[in-house]
Amino acid sequence: MSILNLGIVAHVDAGKTSLTERLLFDAGAIERLGSVDAGSTQTDTLEQERRRGITIKTAVATFGIGTLTVNLIDTPGHPDFIAEVERALRVLDGAVLVVSAVEGVQAQTRLLLRTLRRLRVPTLVFVNKTDRAGADPDRVIGQIGDAVPMWRDCAEALADHDGAALAAYINNRAYPEKTVRNLTAKNVILPAYKGSAITGEGMAELTRGIAENLPKAKRNAGAALRATVFKVDRDHAAYVRVFEGTLRVRHRIGEEKVTAIDDGRREHIGPGEIGKVYGLRAVRIGDTLGTGKRVEPVFAPPTMQATVEPVDRGQRSDLHRALTRLAEQDPLINLRLDEERQELKVSLYGEVQKEVIRDTLKEEYDLEVTFGETVTLLLERPAGTARAGAVRGRDGNPHLATLELRVEPGEGIDVRVAVPLEHIPMYVYKTAQAFRDAIERYVRDAFARGGLHGWDVSDARVTVTRCGYQSPVTTAADYRRLVPELLGRALREAGTVVCEPVRRFAIEGPADALTATLGALPRFGAVPEPPDVAGARFTVGGTVPAARLAELERALPGLTHGEGTVEAGFDGYKMIGCCT
């Protein structure tokens, strides 16, 4: 039996959940075809999903196509929940990108397509809603590079990419059956299908394309365990994709062990399979079980934040516990406590996400909350290099440890240890790597509390340049308390620069609106690049502060006679007032 872990991804309102429902229904996995409008779909199980008509959390369902088992992963389409999509993409064998035949390719579509290509996820395209007025599948296909419409004679398009297909085309023969499958697996082409998830039109062709043209999971049960956690539920259950080896009940992961799989219905998860695991309360989204490195994000981080306050001030500790649980399910919420102001803060992608958090706190934790104004999330970077140290028993150091740290500009948060092994208390940390990992945790916790201006600190290299202890009285707590004190001193000496998130934009519009558009861009803090004019259209790229992007988007129709479009993606953080 072969397995395919399949993701369904799309821009909002493209019909993604309706397609999921149709695939499950046609395969006999569900008895009744649910409706998004009626709130009766199989994968949108949260009350908020049914009420809002959008997917908020990634959901998994299983169906069969002949002897093929498909684990179907339905992901959110709204950009406020892009983090949920990212986690799913990491565990896929293939994907179906859904695009509306009416609205066509959207900014979210391009973002998803770029990410699928970067992660090398073999992908099919489904042009949905062909039953609607204004549907134009051929126009949509023209908006997607490398898309090959399977409803036409695609021999010429395949010949452009494959020698055997070219030979067959020249000799007027059928191209080899495996051509589409091979080119799809290599991410050379995007086989495209059209139809309607609501009426069922085109579903047989799409289902056949899923079974024939997407690569199946590799299954190596004899290898060491390698698995990834891509979702954590409120009850601490972890959704896991096993890539190699086998994860069994009673399998020990660190200090914990697996107590049950899929509510006790299974004894193990084999290679290529997905399962719901209980007992691993310490695991977090992105963690790797067994061999391999932790999965790092590919999408932009949230660039907004807001404070959260309980209506009943006596429920502050309850709110902190509830938000901590939500942060376990979505680490990018990045819950933090401003100790000086005693305020709880969360990171956000947008206003819809804020509304969902508010409603979740009410419905699941019985907590009424108010949010402060949503503001742009800034960060601080070290402006220079500085050292700070403390010696055990000297200069008023109350801690039973010696430690010196050097802080300097770097990339991300880079922690290094440059001291002899004998200077590390191995009776506390067991290995040099464990000591380094502990120092990194202390550094990250300290930087998350804010730098000189109260914002998170990043893009810093921290090196342990001196270390000492007194056995057996020195403990991990001594180093944990010393690190934030020394970092604060070092940052005060080095100074920090405050940086803002920046978006890289691409504007397209009529050529006669180019002068007006270029003249207006500086008003929004944007820095344009040289434009390109082709016929009656222009394109211009550049950077703009993330906080000003919405203003630019609102002004664009007036500048371009209503014909302009803008796409924007995260372009990192830059010092305030400097988008170049």
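This briefing covers salt bridges, backbone geometry, a cavity, cysteines and strand pairing. The structure is a predicted model. A search of the whole structure finds 32 salt bridges, 1 cavity of 30 Å³ or more and 0 disulfides. Details follow by topic.

**Salt bridges**

- Asp 318 pairs with Arg 321 in a salt bridge, with the closest N and O atoms 2.3 Å apart.
- Both Asp 318 and Arg 321 sit in helix H10 (residues 316-329). They are 3 residues apart, about one turn of the helix.
- Asp 318 is partly exposed, because its relative accessibility is 31%.
- Lys 362 makes a salt bridge to Asp 366. Here the closest N and O atoms are 3.8 Å apart.
- Lys 362 is partly exposed at 36% relative accessibility. Asp 366 has 55% relative accessibility, so it counts as exposed; the cut-off for exposed is over 50%.
- Glu 551 and Arg 548 form a salt bridge, and their closest N and O atoms are 2.7 Å apart.
- Glu 551 is partly exposed, with a relative accessible area of 29%. Arg 548 is partly exposed too, at 26% relative accessibility.
- Elsewhere, salt bridges with shared partners link Arg 219, Asp 262, Arg 266 and Glu 273 into one network.

**Backbone geometry**

- Most peptide bonds are trans, and most residues other than glycine have a negative phi. The residues below depart from these patterns.
- The peptide bond from Ser 471 to Pro 472 is cis, and its omega is near 0°.
- Pro 472 belongs to the loop between strand S26 (460-469) and helix H14 (476-494).
- Asp 146 is not a glycine, yet its phi is positive, at about 70°.
- Asp 146 sits in the loop that runs between helix H5 (137-142) and strand S6 (147-149). At 40% relative accessibility, Asp 146 is partly exposed.
- Asn 172 also has a positive phi, near 60°, and is a residue other than glycine.
- The loop between helix H7 (163-170) and helix H8 (179-185) holds Asn 172. Asn 172 counts as exposed, because its relative accessibility is 72%.

**Cavity**

- The largest cavity contains about 70 Å³ of space.
- Its lining includes Leu 113, Leu 116 and Arg 117. Val 121, Pro 122 and Thr 123 are also among the lining residues.
- Further lining residues include Thr 184, Asn 187, Val 188, Ile 189 and Leu 190.
- Asp 146, with its positive phi, is one of the lining residues as well.
- Helix H4 (residues 107-118) gives the most to this lining, with 3 residues.
- By class, the lining of the largest cavity has 7 nonpolar, 3 polar and 2 charged residues.

**Cysteines**

- A disulfide is a covalent bond between the sulfur atoms of two cysteines. The search of the whole structure finds 0 disulfides.
- Cys 154 is buried, with a relative accessible area of 6%.
- Cys 499 has 1% relative accessibility, so it counts as buried; the cut-off for buried is under 20%.

**Open sheet, S13 to S16**

- An open sheet is built from 5 strands in the order S13-S15-S9-S8-S16, and the pairing is antiparallel.
- Strand S13 (260-261) and strand S16 (288-290) are the edge strands. Each pairs on one side only.
- S13 joins strand S15 (residues 274-278) through 2 bridges, and the two run antiparallel.
- Within that pairing, Ala 260 has Tyr 278 in S15 as its bridge partner.

**Strand S17 and its partners**

- Strand S17 (residues 304-310) is mostly covered, with 5 of its 7 residues buried.
- S17 runs antiparallel to strand S19 (residues 343-348), joined by 5 bridges. There, Ala 306 faces Val 346 in S19 as its opposite residue.
- S17 also pairs with strand S21 (residues 375-376) in the antiparallel sense, over 2 bridges. The bridge partner of Met 304 in S21 is Thr 376.
- Strand S20 (residues 369-371) is joined to S17 by 3 bridges, and the two run antiparallel. Val 308 stands opposite Phe 371 in S20.

Methods:
Residues numbered from 1 in each chain as written. Predicted model: local features only at pLDDT ≥ 70, side-chain atom pairs only at ≥ 80, totals over all residues. Heavy atoms only, no water. Salt bridge = Lys/Arg side-chain N within 4 Å of Asp/Glu carboxyl O. Helix = DSSP H or I, 4+ residues; strand = E, 2+ residues; numbered from the N terminus. Buried < 20%, exposed > 50% of the residue type's maximum accessible area, 1.4 Å probe, protein only. 1 Å grid on protein atoms, 1.4 Å probe; cavity = no way out; pocket = protein on both sides within 12 Å on 5 of 7 lines; lining within 4 Å. Points joined across faces, edges and corners; volume = space filled by probe spheres on them. Nonpolar A, V, L, I, M, F, W, Y, C, P; charged D, E, K, R; others polar. Disulfide = S-S within 2.5 Å. Pairing = 2+ DSSP bridges.
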